[in-house]
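Here is a short report on charged side chains and how they pair. Look over the sequence and the model first.

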Amino acid sequence: PSDVTGITIYERDRGEFRFQPGPIFHNVVIADEINRATPRTQSALLEAMAEETVTVDGHTHELPRPFIVVATQNPYEFEGTYFLPENQLDRFLIRINLGYPVPPDEARVIEQQPGRRELASLQPVITTDEVLALQDAVDTVKLEPSLVAYIIALATATRTHDDVQIGVSPRGSLALAQAARATALLAERDYCIPED
């Protein structure tokens with residue numbers, strides 16, 4: 001877990017302990033093949049995502065805002081992997097199965113080699129303050145009681161349907177409400193509709 005959260009280091013010359021933050025202390029954290037991390041490391045990451053804090057040696061440290069985790073999971077090789085339990089996957093707002101690119105897209109990747117050439121030239125398209133302002137704006141989008149009832153009905157349907165093994169958790173309902181608000185904001189509305 002300290003590989004994610006950081007560690008407390010004793011500085012002999014100063015005679016004191018100093019917290020050395022881990023890689024989780026950034027605005028955007030990319031966790032590649034999260035299922036290769038040990039369960040304790042996964043737990044540390046998921047706790048940071050849920051609480052937006054990290055506790056090391058009894059001291060709680062707040063993570064920077066905005067804070068987002070993008071994680072990948074390799075679904076094909078199972079040796080040496082620790083898949084996330086379903087009740088922990090709901091800490092992620094969106095889960096997407098990418099699959100393989102279509103041949104023209106894969107050809108473009110081979111020709112352009114973006115991992116080698118494009119990464120160095122990437123430029124920010126939005127500032128941290130602009131992201132925070134958008135997050136605050138999402139919270140102002142109206143969600144009528146009838147739409148709250150609709151979200152709960154959707155969640156309840158997943159919990160009671162015979163073909164669904166594990167239904168949407170209350171955290172999932174909250175995430176759906178936030179995603180609906182964000183969708184409305186992107187559509188330049190200050191209110192949600194069922195399609196959101």
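How exposed is Arg36, as a relative accessible area? Arg36 has a relative accessible area of 32%, which makes it partly exposed.

## About the model

This is a predicted model, in which local features need pLDDT of at least 70 and side-chain atom pairs count only at pLDDT 80 or more, while totals for chains, interfaces and linings use all residues. Residues are numbered from 1 along each chain as its sequence is written, and side-chain values use heavy atoms, leaving out hydrogens and water.

## Salt bridges

A search of the whole structure turns up six salt bridges. The term means a side-chain nitrogen of Lys or Arg within 4 Å of a carboxyl oxygen of Asp or Glu.

One of them pairs Arg36 with Glu33. Their closest N and O atoms are 2.6 Å apart. Glu33 is partly exposed, at 25% relative accessibility.

Salt bridges with shared partners link Glu11, Arg14 and Arg18 into one network. Glu11 bridges to Arg14 at 3.4 Å, N to O. Glu11 also pairs with Arg18, with the closest N and O atoms 2.5 Å apart.

Which of these residues are buried and which are exposed? Glu11 counts as buried, at 15% relative accessibility. Arg14 is exposed, with a relative accessible area of 54%. Arg18 is partly exposed, at 31%.

Note on methods: Buried < 20%, exposed > 50% of the residue type's maximum accessible area, 1.4 Å probe, protein only.
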